[in-house]
Amino acid sequence: GFWVFERRARGVNGVRTTPHAIHTMDAAALRLALANAQNPDANTRNAAEEQLKQSCNTDAANHLFLLSHELQDETAPNVQTRSLAGLTLKNFMTSKDHAQAVKLANDWMALNPEVRGKIKANSCQALSSLQRDVQLAAAQVISKIATIELPKTGPDGRSQWEELMPLLLQCVVHPEPSAQGLAKKQASLHTIGYICEEIATLETDCLASKSNEILTAVVAGMRNEEQDLAVKLAATKALSNALEFASKNFEVEQERNYIMQVICEACTCASDEIKEHAYQCLCRIAELYYGKLEFYIQKLLELTIVAITTQQDNVARQAIAFWSAVCDTEFDILNSDEEKQCKLFITGATPYLVPDLLKTMCCQEEGQDEDSYNKSTEAAACLAAIASTIGDECLGHVVPWVQQNIGSQDWRHKEAAVMAFGCIMDGPSPEALKDYLRPIVETLVAYLADPEDLVKNSSAWAIMRITEFAPEPIGPLLPLLCEKLIQVMPQCEPQTANHLCWAIHHAANFVRASHDSHVLPKNQISPILPKLVECLVTQADRPDATEANLRANAYEALNVVVSTADEEAIRTFVAPTLLPMFGERLNATFAMPCLNADDLNTRNEWQSFFCGALQTCINLMPPEHLVAVDPASGMSTADKFMHLFLQVFSSQNTTAAQEALLAVGSVCNVLPQASFDRYMPTFSSMLVALIATSSEPALCMLALTTTSDVARTLEGEMAKYSDAIVEVVLGVLARPEVDAQIAQVHDYIKPAAYSCIGDIAMAIGAGMDKYLPYWLTALQQGCEAAKRLKEELTAKDGYDEDKRSYLAALCEGVFDGYVGVVQGLKAASATTPGATDAFLQPVAVQGGCLMLVEVVATDEERSESVLRTAVGLLGDLAETYGDKIKPMLTAKPCQDLVMQAKQPGMEQDTIQIGVWAGQRLGIP
């Protein structure tokens with residue numbers, strides 16, 4: 001029957017294995033374990049899963065082979081067991097975690113080639129199964145193996161699984177004349193689609209040589225001559241993924257016409273599912289080959305309008321999605337340097353498309369809510385995309401319909417009109433909207449009491465959109481609007497109340513942004529600030545506030561509202577009422593019983609909210625209020641809050657600790673130096689521990705920025721606490737795993753650490769002597785890392801946004817570090833003549849900061865902020881060292897950067913720094 005390893009076979013790591021090992025399974029035992037793994041009894045299921053895990057750990061090669069054998073065994077009594085075998089096999093080779101996925105791929109490649117060959121053969125054999133679940137499981141297994149093996153080449157230069165694609169294409173183009181042959185044709189198409197989908201995410205051209213054959217086979221499966229609808233569906237799905245590799249075909253008119261013809265024919269097929277996926281192909285073409293649509297756009301407009309108005313929901317949705325994809329592409333083009341490349345398809349289609357979208361928005365389901373997904377919601381999303389793309393032009397096509405239908409007795413038309421108006425807020429200018437806003441806002445507020453839940457919720461959403469995108473025209477209405485929202489919010493469902501919290505948030509943010517001062521003068525929010533705060537606190541305290549994220553968004557809104565407080569509100573409300581209230585609430589959380597994980601999460605959530613609110617309040621306080629001592633307790637206001645924040649750190653919850661750090665940062669920034677120093681004996685050890693948490697990037701980065709705040713406040717007194725802090729910062733910089741996942745994590749630790757070095761250096765001045773060699777070495781390593789990353793980006797095709805963003809942050813952080821060191825040495829020279837000369841060594845200058853300057857000077861994609869920090873450092877160096885390093889500072893890269901910083905079109909800060917640095921360097 002089936003193949004098993006002989007005793008002499010070697011395991012995954014070359015260790016000899018025997019079939020008699022205690023956890024090694026045979027086929028019968030594996031089949032039983034797979035069956036038990038689906039047992040509804042938890043104990044049976046858990047035991048089986050553990051048995052399978054042990055079998056894999058003991059002899060992975062044998063275990064994986066047996067899984068593949070079970071997958072292809074047509075005599076097996078249980079289809080579910082076979083498909084589970086396939087899924088288990090697939091999971092051995094893939095993971096959502098990138099590092100784990102790399103490890104699993106390496107584990108697979110470490111298997112004996114003969115073992116891998118037999119597993120692959122079994123998986124391909126399973127494609128001919130008459131059981132659909134088995135076919136799909138086999139297709140997924142093969143695609144995962146292909147993703148690992150196809151990009152890898154053997155000693156002969158050929159792909160590790162060179163024969164796979166010809167085999168699959170043979171099954172599609174020349175299927176065996178049998179039921180199994182037809183099944184294999186269908187399954188092979190699914191497999192090709194999966195492989196194309198997986199390979200498209202990788203930086204490889206391993207399918208380039210087969211792209212023509214793949215496309216030919218897939219398109220052939222979609223033709224009208226193909227009578228089997230299951231095959232046609234599989235081909236249509238596969239084409240959606242294969243289009244990524246069709247760029248050369250789309251450049252050839254005859255081939256492009258043929259592909260488009262086949263897709264358009266599939267859009268009118270008898271099967272709704274095929275039509276749905278054919279429109280998905282059109283969506284993909286809009287994304288990949290937008291420029292080629294001009295030859296077909298009239299036909300596609302006719303085709304999609306028919307589908308939108310006459311087809312079933314799933315087909316209509318995809319037809320609408322095609323225009324959303326066109327909108328997205330045109331929006332990106334119009335907001336780039338290639339504006340002239342835009343074909344303006346949306347402008348031309350709008351008069352014909354928008355009326356049908358508005359009618360479709362009236363096709364809401366009974367009981368529809370925000371989580372519903374149907375053609376009415378898709379039409380709304382498309383309308384919003386059109387408004388974003390063509391701006392003011394959309395108003396004439398939408399507003400008259402809204403005005404005609406917003407007062408309708410039919411709730412569907414009323415809700416659609418409300419939704420339509422909300423959809424077009426992001427696009428047209430506030431000036432173009434202003435004449436329509438006041439009467440519609442009054443109607444929307446009235447509809448917050450409508451008997452139909454969807455009308456209420458959509459009205460709240462539309463108000464939220466108005467306050468976000470067009471607050472200026474309704475500025476005078478804001479106090480009255482907020483009063484109305486305060487009145488209706490207690491009766492609203494959580495989702496509706498959440499929208500209204502966001503409306504208040506945006507309104508307050510508009511007021512905040514309208515003033516430059518830290519403490520605002522009297523403003524639109526001033527008369528109702530206490531009422532708004534009370535309302536938002538009440539909403540957050542609702543028993544159902546965990547729904548729709550209401551509690552979190554109520555506190556977000558509250559913080560923005562409090563930030564608009566004027567001096568009178570601070571004196572009469574924020575200081576005497578809010579600060580004590582949130583302090584008492586935070587203190588009460590430490591007594592909350594935590595009997596389970598839910599209780600603990602609830603407590604941590606409340607602590608986060610209260611720390612955030614306290615931070616906002618403290619930012620507004622005058623220093624004298626925080627240092628005022630309460631005669632009863634003998635503690636100042638700052639003492640009380642620092643005591644609470646230090647308790648929050650002891651809870652070891654990341655989110656709460658972040659908010660507490662921000663609050664401590666506020667205390668630090670408001671208090672004078674001597675007043676904050678008293679907390680450092682305790683807080684410095686907390687900072688060290690928090691900086692060390694590099695596995696929690698957001699928390700670690702925030703701890704570093706808080707350390708910078710503390711250094712700036714303490715100045716020379718920072719030296720008393722800097723040993724442990726410097727040691728942990730350098731330790732973080734030395735860890736290769738830190739910032740290794742910049743594509744997944746955008747809280748960059750090392751740039752913040754380099755900047756932190758600069759702030760500590762500037763604070764302690766002459767006290768940096770013992771750290772300087774280590775700092776200069778670390779900063780040089782940062783320069784080298786930036787140089788390597790820039791070279792990698794230069795050599796790579798395309799724009800890597802994640803790496804580009806990290807490079808900018810890294811350069812700025814390292815430059816900040818150097819500026820701080822130079823400024824600190826300069827300050828030290830006041831008492832220690834010649835202190836600045838410690839910087840004049842190759843590790844700091846030629847092999848350090850000037851190397852990074854050259855990296856930036858030759859980087860055409862650099863950001864203006866990087867340019868500004870680089871030029872600022874050059875000015876500091878020139879001012880501090882003058883003729884000692886002037887020949888190096890007048891080199892071409894340095895001159896180029898200074899000249900570019902002074903160019904018209906740069907921000908005023910950049911120009912000022914450029915002029916200042918130019919004067920120091922003697923560059924006119």
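**Close-up views of a predicted all-chain model**

**View 1. Surroundings of Ala786.** Apart from residues within four places of it in sequence, Ala786 has contacts (heavy atoms within 4.5 Å) with Leu807, Leu810, Cys811, Leu852 and Val855. Ala786 belongs to helix α37, residues 772-795; helices (H or I, at least four residues) and strands (E, at least two) are DSSP runs, numbered from the N terminus. With a relative accessible area of 0%, Ala786 is buried; buried means under 20% relative accessible area, exposed over 50%, and partly exposed in between, with a 1.4 Å probe and protein chains only. Glu696 lies 90 residues from Ala786 along the chain, and the C-alpha atoms of the two are 23 Å apart.

The structure is a predicted model, in which local features need pLDDT of at least 70 and side-chain atom pairs count only at pLDDT 80 or more, while totals for chains, interfaces and linings use all residues. Residues are numbered from 1 along each chain as its sequence is written, and side-chain values use heavy atoms, with hydrogens and water left out.

**View 2. The protein chain as a whole.** The chain contains 43 helices and zero strands. Its radius of gyration is 33 Å, close to the 29 Å that the globule rule gives for 924 residues, so the chain is as compact as a globular protein of that length. This radius is taken over C-alpha atoms, and the rule is 2.2 Å times the number of residues to the power 0.38. The C-alpha trace spans about 90 × 80 × 65 Å along its principal axes. Buried residues make up 53% of the 924. Among contacts with a separation of 6 or more, 71% join residues 24 or more positions apart.

View 3. A nonpolar core is a set of buried Ala, Val, Leu, Ile, Met, Phe, Trp, Tyr and Cys residues joined through side-chain atoms within 4.5 Å. The largest such core has 326 residues, of which Phe645, Phe676 and Phe839 touch the most other members. Helix α38 (residues 801-828) gives the most to this core, contributing twelve residues.

**View 4. The buried face of helix α8.** Helix α8 covers residues 164-173, and its buried residues are Leu164, Met165, Leu168, Leu169, Cys171 and Val172. Seen down the helix axis, these residues fall within an arc of 155 degrees, so they line one face of α8; the arc is that of the directions from the helix axis to the C-beta atoms. The elements covering them include α6 (113-126), α7 (132-149), α9 (179-199) and α10 (211-222).

**View 5. The annotated segment 48-129.** An unreviewed UniProt entry places the feature "domain: Importin N-terminal" at residues 48-129. UniProt positions are given in the numbering used here, feature names are shortened, and annotations may be inferred rather than shown by experiment. Over residues 48-129 the chain is 78% helix and 0% strand, and the end C-alpha atoms are 26 Å apart.

**View 6. Salt bridges.** The structure holds 41 salt bridges, each a side-chain nitrogen of Lys or Arg within 4 Å of a carboxyl oxygen of Asp or Glu. In one of them, Lys414 pairs with Asp450, the closest N and O atoms being 2.8 Å apart. Lys414 lies in helix α20 (residues 411-423) and Asp450 in the loop between α21 (430-446) and α22 (453-469), so the pair ties together parts that are 36 residues apart in sequence. Lys414 is buried at 12% relative accessibility, and Asp450 is buried at 10%. Another salt bridge joins Lys434 and Glu431, with the closest N and O atoms 2.8 Å apart. Both residues lie in helix α21, three residues apart, about one turn of the helix. Lys434 is partly exposed at 40%, whereas Glu431 is exposed at 54%. Arg31, Glu70 and Asp73 are linked in a network of salt bridges.

View 7. Ala548 is in the loop between α25 (529-541) and α26 (550-562). Its phi is near 55 degrees, a positive value in a residue other than glycine. Asn549, found in the loop between α25 and α26, has a positive phi of about 60 degrees although it is not a glycine. Ala548 is partly exposed, with a relative accessible area of 29%, and Asn549 is partly exposed at 47%.
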